[in-house]
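Trainee: Could you take a close look with me at one part of this model, the way its strands pair? I would like one connected account, ending with the loops.

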Amino acid sequence: MNGTEQPVSAASRAGSLSRRRMLAGAAGLAGAAVSERAHADSLADVPARGPGASLSGMSERSSFVHISRIPESTPGKRNVDPSAAINAKAPLDKLVGTITPADFHYERSHSGVPDIDPAQHRVLVHGMVDKEIVLTMDDIRSMPTTSRVAFLECTGNGWENWKSAPPDVTVQNTHGLVSTNEWTGVPLSFLINLVGVSRKSTWMLAEGGDGSAVARSIPLTDEIIAEGMLAYGQNGEPLRPAHGFPLRLFLPGFEGNLNIKWLRRLKFGDQPFMTRWETARYTQLQADGRARQFQLKQDVNSVITTPSGMMQIRKGYHRISGLAWSGHGRITRVEVSTDGARTWRDTQISLPALPKAQTRFEIDWDWDGTPTKIVSRSTDDKGNMQPDRDTFIAMTGTNALFHYNAQQTWAIAADGAVRNVLA
Amino acid sequence: MSWLNATALGCAAAALLATDVAAAEFGRPATRDEIALWNIDVRPDGTGLPPGSGTAARGQQVFEENCVACHGERGQGGIADRLTGGQGTLASDHPVKTVGSYWPYATSLFDYVRRAMPYPAPQTLSDDDYYAVVAYILNLNEIVASDTVLDRARLPAIKMPNRNGFWPDPEFKLIRNSRQP
């Protein structure tokens, strides 16, 4: 069966799948990610065992697994030439569990991915401090460390659906700008004590070593001081260049672009520095024409990843599965509606549901074959509940571009086609 | 050993560890010259602006040599962000966010253009040319006259059209933490 299958890119996959293969693919949890479901009708047909390939320095994914990120330039411009891409979206529909493999972690880079020699990397810490210092990576790696599993999310996540719902998109398109990794590094509080940051300092400028020298003002709240870190590790290995090698700021729960990659300068001050990114770029235009500024927390969110956009399902049993997360804390409840948000059922949350980390939810569903809509909504331990789209748009308007966290609805047609809709 | 002694020993060990980390040397002092080399941020009050000056006339030349390929003639129609126009559109269905319609501070424009542009070779123009090209972009947006000389005194005094168009989230308007006196 597999012999005639040529590996296809994720891009052409959605368009070219035969109906039969889509049916087969949607039957398994990660079905869409695996090139073919076994169709051996008899155990006698299963290929015989034998010696396998040689062991190697780095294990590769199975040749039967086809998963990749989607480079994108602006909303609706997908599968662009990599040189024109500004982000790459994580394949949420093809991943299981809650931890994102480092090479599938979503990416947003403002001036490409610099190739930095850690031996030549330096971090300048200055401003309202007792000791202005220059640190090497050896210095940083010899400091006390902490590790934490947490999500990271681009503020642009969900931007496909602000004004209309493109019907031909997957959950990777609509929600692929969020991922969860274990991050390892030096607690920000250690550095603050090390250099003797003035007690009057209230903001810290963090600046990257990329071509555009991305810089953001970070408010020195107790939460950020307690939870922030200078991270050099990601899922147990050094950061990938796409994620800031050799060093990045990591602030659990805060908008992605605050987590400055390729970190090379921290300057302590007593007011925000008003960089381009916190004025002209990552500010949210409201319906009245004014913009919210320093909307820094990623609000409570969730999305059903199976079944989701562009999948094809059959009448009968389904295990609905998805991800929920909140920059405010721990996910305590995820509800799913299979009748277009009329009635809701509690889902099972996979433990441990960590604070500020993606949490997996699942629920059984027997589809009777009539057209319907499925939707999820999450609640965190601070009591924040994910808003429905109408409420959200009434509060925000449709021009904000960033910080979209309205409930995601998937419509299911009589033929089992799953499509993106607004509500 | 009594539990009291064990606790005391434990505390002593913890204190010793803390002392060791605090006393350890990490890094080296930064020199004044190297800080000046990297200290490129410019705040709205003008702190951080370098000496130098420029006008829109010179800025047009700088723009045509370094910016027009991506940003288009007169800052419109290129592959990169549109820089001009859009005033009065922010509350419409199709807001056009540009330097003229959206940016609240002229100082942020200088900061950004100097740190990040020209895209293939950021921070390579002279400060005079950065002042000049900022003057040109502001002039295209009818914010300064074509003969206005921009420098570290005049730039922070410019009031951008959308200066009052932003409201910070209450949580981050006034920063409080338990380190404060």
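**Strand pairing, within and between chains**

Mentor: Happy to. The bridge partner of V336(A) is R345(A), which sits in strand 19 of chain A. Before we go further, note that this is a predicted model, in which local features need pLDDT of at least 70 and side-chain atom pairs count only at pLDDT 80 or more, while totals for chains, interfaces and linings use all residues. Residues are numbered from 1 along each chain as its sequence is written, and chains are lettered from A and ligands numbered from 1 in the order in which they are written.

Back to our starting point. Strand 19 (residues 345-346) of chain A is joined to strand 18 of chain A by two bridges, and the two run antiparallel. Strands here are DSSP runs of E with at least two residues, helices are runs of H or I with at least four, and both are numbered from the N terminus. Two strands pair if DSSP finds at least two bridges between them. Strand 18 (residues 331-337) also pairs with strand 22 (residues 372-380) of chain A, again in the antiparallel sense, this time over six bridges. There, I331(A) has D380(A) of strand 22 opposite.

Now follow the pairing across to the other chain. Strand 15 (residues 291-293) of chain A and strand 4 of chain B pair in the parallel sense, with three bridges. You can pick out two of the facing pairs by eye: A291(A) stands opposite F166(B), and R292(A) stands opposite W167(B). This pairing belongs to an open sheet of three strands, ordered 14(A)-15(A)-4(B), in which the pairing is mixed. Strand 14 (284-285) of chain A and strand 4 of chain B are the edge strands, each pairing on one side only.

There is another place where strands of the two chains pair. Strand 5 of chain A is joined to strand 1 of chain B by two bridges, and these strands run antiparallel. In that pairing I133(A) stands opposite P29(B). On the chain A side, strand 5 also pairs antiparallel with strand 4 (residues 122-127) of chain A, over four bridges, and these two strands of chain A make a hairpin with five residues between them. I133(A) turns up here too, as the bridge partner of V125(A). As for its faces, strand 5 (residues 133-136) of chain A has I133(A) and L135(A) on the covered one, with V134(A) and T136(A) on the uncovered one.

Chain B as a whole has six helices and four strands, which run α-β-α-β-α-α-α-α-β-β from the N terminus. Of its contacts between residues at least 6 apart in sequence, 60% join residues at least 24 apart. Buried residues make up 34% of its 181 residues; buried means 20 or more other C-beta atoms within 10 Å, exposed 12 or fewer, and partly exposed in between, with C-beta atoms placed from the backbone.

On to the loops. Chain A has a cis peptide bond between F245(A) and P246(A), with omega about 10°, and P246(A) lies between strand 11 (237-238) and strand 12 (248-250). A cis bond also joins L351(A) and P352(A), with omega about 0°; P352(A) is in the loop between strand 20 (348-349) and strand 21 (359-367) of chain A.

Positive phi values in residues other than glycine are also worth a look. N235(A) has phi near 50° and lies in the loop between strand 10 (229-234) and strand 11 of chain A. With 18 other C-beta atoms within 10 Å, N235(A) is partly exposed. In chain B, R74(B) has phi near 55° and is found between helix 4 (68-71) and helix 5. R74(B) is likewise partly exposed, with 15 other C-beta atoms within 10 Å.

Finally, confidence. The mean pLDDT (the predictor's confidence in each residue, from 0 to 100) of chain A is 91, and 90% of its residues reach 70 or more. Over residues 1-35 of chain A, however, pLDDT stays under 50, and for that stretch the model has 54 contacts beyond four places in sequence. Where pLDDT is low, the predicted coordinates should not be read in detail.

Methods
Contact = placed C-beta atoms within 7 Å.
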